[in-house]
Amino acid sequence: MHGDQTAAALGKALGTSGEAVRQQLVRLADEGVVESWSQSQGVGRPSQFWRLSAKGQERFPDTHAALTVELLGLLGEQLGLDAVSRIIDAREDRTKIAYYAAMQGAKSLGERVAKLAELRSREGYMAAWEADGAGGYRLFENHCPICAAATACQNFCRAELAVFRDVLGPGASVVREDHIVMGARRCAYRISPT
């Protein structure tokens, strides 16, 4: 949820010592579940940061990824890529309807962003949001439960961005800044009033 962390920061969050956490992280690194990297932050030794590895990410649900990818492939083979696009478009329309209904009463852009993060978290995206201090917002998705399908068919990501733009309204600009499918740790969106 919080990205790359030092052992000390993790220890503080967990109510234990950084050294106790570091020992566990070393064990997890030996199993290939986490990985570390160092960054110089001024004078002294570089700080060591830890993050989930690809193997660690696999421990989170992936919404029956193999079946989804196989079905997408079969749909494309049997009915053509246009049929796959039409199905994704229909899913996009259905998602918009559900999100619009859930957004009733959310008047301001900030309220709509908060509601969108809540909806996405319920769907498994581990979403969070923050104000950017300049009148806009950032939305983060720390997990992608449809990553395998989105990797196999980029139309899912296109549709997701279209849904966000639609439900946040014409007064909002939505730009994807980070993208899990492109190798980023999470998907991140900058949302600005227009």
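In which sense do S1 and S3 pair, and over how many bridges?

**Before you start**

This is a predicted model, in which local features need pLDDT of at least 70 and side-chain atom pairs count only at pLDDT 80 or more, while totals for chains, interfaces and linings use all residues. Residues are numbered from 1 along each chain as its sequence is written, and side-chain values use heavy atoms, with hydrogens and water left out.

**First stop: the whole chain**

Show the chain as a cartoon, and you will find eight helices and seven strands; helices (H or I, at least four residues) and strands (E, at least two) are DSSP runs, numbered from the N terminus. The C-alpha trace spans about 55 × 45 × 25 Å along its principal axes. Of the 194 residues, 35% count as buried, where buried means under 20% relative accessible area, exposed over 50%, and partly exposed in between (1.4 Å probe, protein chains only).

Select residues 5-6, 34-39 and 47-52. These strands form an open sheet in the order S1-S3-S2, with antiparallel pairing, and S1 and S2 are the edge strands, each of which pairs on one side only. Strands of a sheet pair through backbone hydrogen bonds, either parallel or antiparallel; here two strands are said to pair if DSSP finds at least two bridges between them. To answer the opening question, S1 and S3 pair in the antiparallel sense over two bridges, and in S3 the bridge partner of Gln 5 is Trp 50. S2 and S3 also pair in the antiparallel sense, over six bridges, with Val 34 opposite Leu 52 and Gln 39 partnered by Ser 47.

Now show the side chains of Arg 51 and Glu 35, which form a salt bridge with the closest N and O atoms 3.1 Å apart; a salt bridge is a side-chain nitrogen of Lys or Arg within 4 Å of a carboxyl oxygen of Asp or Glu. Arg 51 lies in strand S3 and Glu 35 in strand S2, so the pair ties together parts that are 16 residues apart in sequence. Both residues are partly exposed, Arg 51 with a relative accessible area of 31% and Glu 35 at 35%.

The expected span of a helix is 1.5 Å times one less than its number of residues. Among the buried residues of H5 are Glu 92, Lys 96 and Tyr 99.

Move to residues 109-122, helix H6, and pick out Arg 120, which counts as buried at 5% relative accessibility. What is Arg 120 in contact with, leaving aside its neighbours within four places in sequence? Its contacts (heavy atoms within 4.5 Å) are Tyr 99, Tyr 125, Met 126, Ala 127, Glu 141, Glu 160 and Phe 164.

Select residues 155-168, helix H8, which has 14 residues and reaches 20 Å from its first C-alpha to its last, close to the 20 Å expected. Its buried residues include Phe 156, Leu 161 and Phe 164. H8 is followed by Gly 169, whose phi is positive, near 100°. Pro 170 then lies in the loop between H8 and strand S6 (172-178), and it counts as exposed at 84% relative accessibility.

**Last stop: strands S6 and S7**

Finally, display Glu 177 and Arg 190, whose side chains meet in a salt bridge (2.8 Å, N to O). Glu 177 lies in strand S6 and Arg 190 in strand S7 (residues 187-193), so the pair ties together parts that are 13 residues apart in sequence. Glu 177 is partly exposed, with a relative accessible area of 36%, and Arg 190 is partly exposed as well, at 29%.
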